[in-house]
Amino acid sequence: MSAPTTTTAPPGAQPMTHRQTLEALSGLLLVLFVAMLSGTVVSIALPNIIGALNGSQTQYTWVVTATLLTATATTPIWGKLADLFNKKALVQIAIVVFLLGSVVAGLSQSAEQLIAARAFQGIGVGGLQALVQVAIAAMIPPRERGRYNGYLGAVMAVATVGGPLLGGLIVDTSWLGWRWCFFVGVPVAAIALIILQATLHLPTTRRDNVKIDYLGALLIAAGVSVLLIWISFVDNSFAWLSWQTAAMVGGSVILLALATYVEARAAEPVVPLGIVRQHTTALAILGSLAVGMAMFGGAVFLGQYFQIGRGYSPTEAGLLTIPMMAGVLGSSIISGRMITRSGRIKPYIVVGAVVLVIGFAVLGTIDHETPLWFVGAAMFLVGTGVGMTMQNLVLAVQNTVSLRDIGAASSTVAFFRSLGGTIGVSVLGAVLARRVSDQITRDLAAAGVPTSGSGGASSSLDLNALPDAVQDIVRVAYGDATGHIFFISAAIAVVGVIAALLLRPVTLRSSLDLPGTAGPGTVDADPRDGDPGIEEAGVETRRAAAPARH
């Protein structure tokens with residue numbers, strides 16, 4: 001059994017005012033912005049970075065994969081630690097880990113050092129992605145949290161679009177250089193650390209005889225890592241049907257099965273299975289997995305479409321993705337305020353999931369000659385769908401669990417969303433590469449160019465090094481093939497619509513914790529999983545007891 005829990009607020013603590021909440025939120029959003037920026041700012045500069053370090057194509061991939069792998073694998077661990085220890089201290093530890101990783105990455109003298117530094121940095125990124133939402137959940141009741149989701153949407157949008165722009169500017173500025181792609185976040189994260197020390201005041205949870213599930217954490221991290229390594233190399237270093245695939249996928253399944261066995265018997269499981277089995281949580285996980293696969297797997301190729309398929313510069317490509325940013329920003333702010341006003345969340349998740357499918361379906365029709373206004377309108381729809389679903393799926397889960405389990409619940413949803421994004425990027429990238437290669441081979445043969453050179457043409461993204469005729473063929477191939485993967489993204493996103501439709505209609509509670517929480521291990525005061533009768537700080541729960549006086 002779990003040890004008893006006592007929660008002590010800071011001396012003289014009172015519910016945080018709107019101003020105090022915004023002050024603390026500013027530090028949290030700053031560090032979340034830097035964590036997200038650490039991935040997007042490098043994407044544009046990576047060719048320069050690998051070239052300067054004399055790295056290989058495999059190392060190019062691992063600079064990205066190393067961070068994603070450690071961030072994904074450690075997300076549920078950070079979330080569980082947030083349920084056991086002081087949340088503010090954990091946020092600060094994650095910031096320090098991120099800072100150290102950023103500095104070492106910027107000082108790297110070889111590709112191997114950079115990969116190791118990025119892996120260490122990813123541990124901090126995973127912590128920040130999980131803990132920021134946990135801290136927000138500990139400050140703001142679900143009913144009020146809706147309007148603050150707009151700020152989260154803004155951070156996501158600016159980091160996603162602004163990162164490539166900033167990365168391009170840094171590498172193009174002679175007195176800065178690529179190392180500042182890693183250094184640029186250090187002062188911002190340091191400022192966030194100071195702001196959080198002064199403004200973030202969360203109750204301190206103390207437990208006697210805490211038992212950390214080290215074995216479960218190790219098995220989860222190992223199982224996910226093996227799966228992500230397989231996803232990173234399949235169809236590139238080895239075939240989908242090969243002994244390597246059988247070994248890695250089989251090993252991952254065995255490790256995760258063992259993790260499930262251990263988690264079911266652990267006193268303090270990293271991922272409480274009781275939470276995962278809940279109706280709302282299970283559907284939110286399914287929806288987040290689909291949204292992650294569709295959004296990350298599809299949107300990541302937009303920059304490539306604009307640069308290779310349409311011939312725009314990295315800076316211009318970043319500017320052309322602004323409609324998506326506008327969609328995320330506008331929909332997250334508007335839907336968040338409407339959710340706070342009504343307390344209802346399911347309608348907005350359903351509408352957002354449907355809009356996401358429509359947006360990807362429209363993007364599926366684009367080719368190398370599609371008018372930019374049409375592409376922009378489709379991106380706006382995709383951004384609108386993301387803004388209405390991503391954070392609200394987390395909010396739906398947070399509404400159904402007690403405050404003591406908020407970390408595990410939030411990080412579990414974030415974990416599956418990140419896992420879905422990783423799978424989506426790999427699978428859709430493999431589909432895109434295969435279609436591009438086939439089309440380039442056909443077009444080169446039709447143009448009378450020896451097809452023996454097509455492999456090099458299709459694998460080289462330095463179009464300036466290719467003859468003009470081959471450049472045009474490569475651009476057309478990328479421009480036309482990209483639409484196909486967006487159709488696949490739309491099909492994947494349909495799963496998110498189904499999950500959203502199956503969610504139970506609930507009214508968000510106005511209390512930080514579940515009314516009538518019985519103590520450690522309590523998941524939901526109502527077996528119907530977030531029934532409207534438990535909101536408003538337990539008012540309805542007290543009314544339910546009224547018949548005893550009749």
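**Aromatic pairs and helix packing: a short tour**

Hi everyone, let's start with the rings: this structure holds six aromatic pairs. Please keep in mind throughout that we are looking at a predicted model.

A quick reminder for the ring talk: a pair of aromatic rings is described by the distance of the centres and the angle of the planes. Take Tyr305 and Phe306 as one example. Their ring centres are 5.3 Å apart and the planes make an angle of 65°, so the pair falls on the edge-to-face side of the 60-degree cut-off. Both of these residues, Tyr305 and Phe306, are buried.

Now a second pair, Trp373 with Phe374. Here the centres are 5.8 Å apart with 85° between the planes, and this pair is edge-to-face as well. Are the two partners buried or exposed? Trp373 is exposed, at a relative accessible area of 65%, while Phe374 is partly exposed, at 26%.

Let me step back for the overall picture. The protein has 20 helices and two strands. It runs to 550 residues, and 54% of them count as buried. Now look at the contacts between residues at least 6 apart in sequence: 83% of those join residues at least 24 apart.

Back to Tyr305 and Phe306, and the helix packing around them. Helix α12, residues 302–309, and helix α16, residues 372–398, have axes that come within 13 Å and cross at roughly 170°. That angle is over 145 degrees, so α12 counts as roughly antiparallel to α16. Which residues meet there? From α12 we have Leu302, Tyr305 and Phe306, and from α16 we have Leu372, Val375 and Met379. By class, this contact has six nonpolar residues, with no polar and no charged ones.

Staying with α16, let's turn to its other partner on my list, helix α15, residues 346–363. The axes of α15 and α16 come within 7 Å and cross at roughly 150°. That makes α15 roughly antiparallel to α16 too. The crossing of α15 past α16 is left-handed. What classes of residue make up this contact? There are 20 nonpolar and six polar residues, and no charged ones.

Helix α3 covers residues 87–107 and helix α4 covers residues 111–139; they pack at an angle of about 155°, their axes 8 Å apart. The two helices are therefore roughly antiparallel to each other. Again we have a left-handed crossing, this time of α3 past α4. On the α3 side, the contact includes Lys87, Leu90, Val91, Ile95, Phe98 and Val104. On the α4 side, the residues include Leu114, Phe120, Gln121, Ile123, Leu128 and Val134. How do the residues of this contact divide by class? The count is 18 nonpolar, five polar and one charged.

While we are in α3, have a look at Leu107, which lies in that helix. With a relative accessibility of 51%, Leu107 counts as exposed; the cut-off for exposed is over 50%. Leaving out residues up to four places away in sequence, Leu107 touches Arg179 and Phe183.

Where does Ser288 sit? Ser288 lies in helix α11, residues 279–299. At 1% relative accessibility, Ser288 counts as buried. Setting aside neighbours within four places in sequence, Ser288 is in contact with Leu393, Val413 and Arg417.

And finally Arg404, in the loop between α16 and α17, the latter being residues 406–446. Is Arg404 buried or exposed? Arg404 is buried, with a relative accessible area of 15%, and the cut-off for buried is under 20%. How far apart are Arg404 and Asp83, in sequence and in space? In sequence they are 321 residues apart, and in space 5.6 Å, C-alpha to C-alpha.

Definitions and conventions. Residues numbered from 1 in each chain as written. Predicted model: local features only at pLDDT ≥ 70, side-chain atom pairs only at ≥ 80, totals over all residues. Heavy atoms only, no water. Axes fitted to C-alpha atoms, helices over the stretch in contact; angles between N-to-C directions. Helix = DSSP H or I, 4+ residues; strand = E, 2+ residues; numbered from the N terminus. Parallel < 35°, antiparallel > 145°, perpendicular 65-115°, else oblique. Left-handed = near helix turned anticlockwise from the far one by under 90°. Contact = heavy atoms within 4.5 Å. Nonpolar A, V, L, I, M, F, W, Y, C, P; charged D, E, K, R; others polar. Phe/Tyr/Trp six-rings, centres within 6.5 Å; stacked < 30°, edge-to-face > 60°. Buried < 20%, exposed > 50% of the residue type's maximum accessible area, 1.4 Å probe, protein only.
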